[in-house]
Amino acid sequence: MSEAKNSDSNPCLQEQRLSFKCLQDSFGDKSQCEPQIENYKDCKTFWYNIFKERKNNKIRPYMPSLEERIKIKKEYMNGH
């Protein structure tokens, strides 16, 4: 299984799949999929920022494990 399709290495796998499915269902019409695409972009930005922060702080692995990501996401959602 490629890395981009693996939920352990791709924290935005669900968002990616939803945006791809919408694009497929709408025959590539991005205007019909703006919410899904924006959600995917937001997800990627969020986890990229976590990755950078951990890398700068020399916390390995730079991308948290699936279990850690669940905890981080829950903490973030409770704070916002």
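A disulfide is a pair of cysteine sulfur atoms within 2.5 Å. This is a predicted model, where local features need pLDDT of at least 70, side-chain atom pairs count only at pLDDT 80 or more, and totals for chains, interfaces and linings use all residues. Residues are numbered from 1 along each chain as its sequence is written, and side-chain values use heavy atoms, with hydrogens and water left out.

**Exercise 1.** Find how many disulfides the whole structure holds, and work out their pairing.

*Solution.* 
- Step 1: searching the whole structure gives 2 disulfides.
- Step 2: Cys-12 is joined to Cys-43, S to S 2.1 Å. This pair links distant parts of the chain, 31 residues apart: Cys-12 is in the segment before H1 and Cys-43 in helix H2. (Helices are DSSP runs of H or I with at least four residues, numbered from the N terminus.)
- Step 3: Cys-22 is joined to Cys-33, also by a disulfide, S to S 2.1 Å. Cys-22 lies in helix H1 and Cys-33 in the loop between H1 and H2, so the pair ties together parts 11 residues apart in sequence.
- Step 4: with the bonded cysteines numbered in sequence order, the pairing reads 1-4, 2-3.

**Exercise 2.** Decide whether Cys-22 and Cys-33 are buried or exposed, then do likewise for Phe-27.

*Solution.* 
- Step 1: buried means under 20% relative accessible area, exposed over 50%, and partly exposed in between (1.4 Å probe, protein chains only).
- Step 2: Cys-22 and Cys-33 are both buried.
- Step 3: Phe-27, at a relative accessible area of 80%, is exposed. Phe-27 sits in the loop between H1 (13-25) and H2.

How values were computed:
Helix = DSSP H or I, 4+ residues; strand = E, 2+ residues; numbered from the N terminus.
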